[in-house]
Amino acid sequence: MKLHCPGIERNDTGGGSSFLRNFAKAMGSHAVQIVPTVEECDILFIAGASLSDRGIAEKAKELGKAIVLRVDNILEDSKNRNTGMPRMIDFASWADVIIYQSKWAERLLMPHCGAGIVIYNGVDTDIFYPRKEAKDWENKRFIYSKFSRGEGKNFNVVQYWWREHNLKNSEDLLFLAGRFSDEIRNINHPFEFHNDEQVDYRGVLEPEQMAELLRQCDYAILPYFADACSNTILEAQACGVPVLYNHSGGTPEIVSYGEELSFEHEDILEMCDSQVFNFEEFKHEWGLEPMGRKYYALFTTVLAPEIETEITL
């Protein structure tokens, strides 16, 4: 089986790039070869409409290649020069199968793209796993990270939450990681904090660095709005860090360790502290191996529809 996956050559962190890196690893245990051109492939796998230009999909259609499209959310015009949604809709009309990243994404996009199936993202548990030794800090440590500058990442909510938390808990520390704007590059940027709140900005991190930072934290504040299936939320949970989240998008479908963010600080932290995280169970459900099995079963069905292959979702 040969796949062509536009965007897989990118060396970046966040969104489609993180997924494709995980996807390539998940396919490693199956008889799957990722090839550099659409002419060589059996299946064109478009992991996101923004990752593929129209010409690649048109070439696949012209050559009679199978097409599988993965979608997650409405594509913003500002980031796609007003071509994002028209491109996604065209790709969907040519696709043999459409994959939605969550049931929420399916409800949102099915009117535009048509019927499909849901396959959640997986997390690389060889990199993201819980801290093995006892913590060596006394204060409480939080982390917020984002690798997209979209307003839906809700950093303003974290700012206000942290200001209020800091009034009663001045020794606690908030780590920040990721992209915030083109201008913010220096490590100790104030980030609109004005009362000597404890904030440590680490910049854009590689996955291994991100995992190590997560293991230095007690809670992840990730109140993303209308995310389909956040890799970052899965990664925090894999590291045994409970997530304070926004109850929107596909997030409620993937959070098993954490609580919905509210301004009742002590209450939600106490609820998180009372939870028990089972890494082996999490890995069995959300690791790369179960995700890879689902994708491989799907691709097999696309190439040989006469053979009944069960895709256990």
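The model is predicted, so to speak of local features a pLDDT of at least 70 is needed, side-chain atom pairs count only at pLDDT 80 or more, and totals for chains, interfaces and linings use all residues. Residues are numbered from 1 along each chain as its sequence is written, and side-chain values use heavy atoms, with hydrogens and water left out.

Let us start with β5, which covers residues 97–100. Helices and strands here are DSSP runs numbered from the N terminus (helices: H or I, at least four residues; strands: E, at least two). V97 and I99 point one way from β5, I98 and Y100 point the other way, and all are buried. Buried means under 20% relative accessible area, exposed means over 50%, and partly exposed lies in between (1.4 Å probe, protein chains only).

Two strands count as paired if DSSP finds at least two bridges between them. Strand β4 (residues 66–71) pairs with β5 in the parallel sense over 4 bridges, and V71 stands opposite Y100 in β5. Strand β6 (residues 117–118) also runs parallel to β5, joined to it by 2 bridges. There, I117 in β6 is the bridge partner of I99. From β5 the chain crosses through helix α5 (residues 103–113) to β6, and this β-α-β crossover is right-handed. Right-handed means that, with the strands pointing away from the viewer, the path from the first strand over the helix to the second runs clockwise.

**Salt bridges**

A salt bridge is a side-chain nitrogen of Lys or Arg within 4 Å of a carboxyl oxygen of Asp or Glu. By this rule the count is 11, and the table gives some of them.

| Pair | Closest N and O atoms |
|---|---|
| D124 and K25 | 2.9 Å |
| R202 and D200 | 3.2 Å |

Where do D124 and K25 sit in the chain? The pair links distant parts: D124 lies in the loop between β6 and β7 (141–146), K25 lies in helix α1 (residues 15–26), and they are 99 residues apart. D124 counts as buried at 6% relative accessibility, whereas K25 counts as partly exposed at 42%.

R202 is partly exposed, at 35% relative accessibility. R293 and E289 are 4 residues apart in helix α12 (residues 288–303), so about one helical turn separates them. R293 is partly exposed too, with a relative accessible area of 38%. Elsewhere, salt bridges that share partners join K25, D124 and D126 into one network.
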